[in-house]
Amino acid sequence: MNTRALPLYVTIGIFLLAYLVFWLQFPNILSTRVVGNLLTDNAYLGIVAVGMTLVILSGGIDLSVGSVIAFSGVFIAVLLRDTGLHPLAVFALLLMLTTAFGAGMGFLIDRLAMPAFIVTLAGMFLARGAAYILSIDSVPIQHPFYQALQGAYWLMPGKGRLTLIGVLMVLTFVLGMIVAHKTRFGASVYALGGGEAAARLMGVRQGRTTVLVYAFSGAMAGLSGIVFSVYTGSGYSLATVGTELTAIAAVVIGGTLLTGGAGYMFGTFVGVLTMGLIQTYIVFDGSLSSWWTKIVIGILLLAFILLQKGLLKLSQMRLAQEATRGT
Amino acid sequence: MLLTIRSLSKTFPGTLALDEVDFDLRAGEVHALLGENGAGKSTLIKCLTGAYRRDGGTVLLDGTEIDPRSTAHAQELGIGTVYQEVNLLANLTVAQNLMFGREPRRFGLIDGRAMRRQARAMLAQYGLDLDVDRDLGTYSVAIQQIIAIARAVALSGKVLILDEPTASLDAAEVRMVFDVVRSLRERGLGIVFVSHFLDQVFELTDRVTVLRNGRKIVTADTASLDRVRLIEHMLGRELEDATAHEAIARGPRPPMLDFSGLGRRGTIEPFDLAVGQGEVVGLAGLLGSGRTESAELLFGLRNAHSGTATDQQGPLDLRSPRSAIAAGFGFVPEERKTDGIVADLSIRENIILGLQARRGWARPIPRAEQNRLADDYIKRLDIRTSGREKRIGELSGGNQQKVVLARWLAMNPRFLILDEPTRGIDVGAHAEIVRLIHQLVDQGMSLLVISSEIDELIAVSDRVIVLRDRRHVAELTGDEIAPGRIMQAIAATEAA
């Protein structure tokens, strides 16, 4: 078997096992209501994690996304409050802005040969600061179009609600899978994550790929900001602090190698759902403090890092064995 | 003629890397390119693959002049290259690696099935039937190397440059790669083969070109050459002020260190080595013969899998450089820029580095003492500088090397290993370093000197140990230490 897919299978296995255990305790957890909420509650996280997956696959990191989501919410809320623009026009404006913001960071990372960590850290403060400038208070959004968006859902059998933003997250993952696994751009991203020197030798245009990766992540952060504003019905500059780290956690739990070059978009989807499931369980239980979510996620992260190290060792050992058999 | 190079020149600041080099390649031949470090092999190759732009001369491919701007451009022109490592991506599948950048697409998206089919067809030409969906990294280095060749040939298809393709392969794997190379020769490709394994050169190649110090020395049919002549061409006999071999007069030395059965699998075969007090042992051999690896074992940079080290007091711990230093060892590495100096620190800071590390960071050496030490060594070793606070990176190679030496001398080791101490140093500094070695020995220090320059070894060594194919194969003493004897020992085949 190919060891590359093993972390993905482990992720899926853990998710199914957790679901089974929770189901034995609370049979209701399998209802379409819970499933629908799982998608809705984690929509913004899933969307931003799609961008983060691509960034991490390329060997980079994007710490700015949490701030960008908050900025997006405030931007939308303030514009809808102060101008007569239609929300769709505001969305388009916002997506252009966040995409350009990401592209700019990618450009700096490539041109200045700076670590992505530092550049996107600067971007994180910048975006958060910009949100404060727009408004330090929580700004409610009361546009009729927003009420339509919030009310848009499909009633599944069992009275579960499949909301628009939940569907949007799933569609975003489909888009992410196509980009990562089915395009030459995606292949270049994996190549960069596997090794810059070899990637250049194979003809990857490093600068262009880096700019596009961070632009994609910026676009996803903007989209996530839109979804978050629909979800909360407001824009608040203090929102989604640390979401970039939660997204990174989801990517790693989803089986993507933090150093880049290996992983699957679908894994991140399962990673997001796993984290959401733990949260749901704690809500169901009622007696547990919500901090248990963090503890379980911490343990899961550690387990995955160990698993990936172990797999690396294993494949090296197998290679050594094959080499001795060859002689 | 498939490829013709005339009067190719390339200069870097301060050095003439290629000096009017001629080279030609026929279709359907394997042409070896040989030379020691700094001979200009890799510069020549980089000029062909577009990594460097040449400064002068002409390159004709199929009769038309070419000027490759980049690796990709060279590939388009028909020149493909496979390096020793870092050719492909271990984290992608075999099929992705083979088809990268040329993936078949349907409706704008990669058509995985067609890609796998084409990849399998490519490999079939080389007699390989692999699971192309597996990660490249799960296959052996030999298979990866063949896949890299397959990709290079598919992309370029006229000239194939193999840069040390067999350096990390074992005998059976080398045979696999050679079969592939021979079949490509029959298909009419021109193949440039760079290697420092002479056995392989004689086994595989049709012609040989030797470079030395940026100049072409000779091009000849492989069959018309013998090993000794070839090695003479490669090593040359350049050092003019050949110091007479006076070491014989020093007579036998009291024993000091004894290494027995030291070895590391895949790196260096077990060897015995005894070093007397005030003795200079020279290590001779070609690039890749295991000289540096021997030194690294002695200094704890790599751990031995077998063997023991003892001195008169008992066994020594050589598991890390730190413990080797504690045992009184010192090591001046070959790669001065990366392993020897800390370029951004001053001369003073570089000199006291080792001494301070041994004292522990909690007890800093007083500044006055640091200054005294630095000034003392700048004077004793005649380090040419405007002052002790100058950044060491701004010094010439020879002066940098003297600072590295000063660092060790300040620690007063009893056994100092010098790996290519005169590499990249001008002739004047060269003679000074040789003189310094003599001084140190007179003071009772023992030395292990590794050098590609045979005359230098002869000038300083009491004994010369010859290495070949990662093995210590001969030990020469007294009158045996002569250029002819050393070259013969390097050249001798297994049977001899």
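The contact takes 25 residues from chain A and 24 from chain B, two residues being in contact if their C-beta atoms, placed from the backbone, lie within 7 Å. The model is predicted, and local features need pLDDT of at least 70. Residues are numbered from 1 along each chain as its sequence is written.

**Exercise 1.** State which helices of chain A each supply at least two residues of the side that touches chain B, and give the classes of that side.

*Solution.* Step one: the helices are helix 8 (164-182), helix 9 (184-194), helix 10 (196-201) and helix 14 (291-326); helices are DSSP runs (H or I, at least four residues), numbered from the N terminus. Step two: by class, that side of chain A has 12 nonpolar, nine polar and four charged residues. Here Ala, Val, Leu, Ile, Met, Phe, Trp, Tyr, Cys and Pro count as nonpolar, Asp, Glu, Lys and Arg as charged, and the others, Gly among them, as polar.

**Exercise 2.** Determine where the buried residues of helix 1 of chain A fall around its axis.

*Solution.* Step one: the buried residues (20 or more other C-beta atoms within 10 Å of their own) are A:Pro7, A:Leu8, A:Thr11 and A:Phe22. Step two: seen down the axis, they fall within an arc of 115° (taken from the directions from the helix axis to the C-beta atoms), so they line one face of helix 1. Step three: the face turned away from the buried side carries exposed residues (12 or fewer such atoms), including A:Tyr9 and A:Trp23.

**Exercise 3.** Classify B:Ser306 as buried or exposed.

*Solution.* B:Ser306 has 11 C-beta neighbours inside 10 Å and therefore counts as exposed.

Terms used:
Chains lettered and ligands numbered in written order. Predicted model: local features only at pLDDT ≥ 70, side-chain atom pairs only at ≥ 80, totals over all residues.
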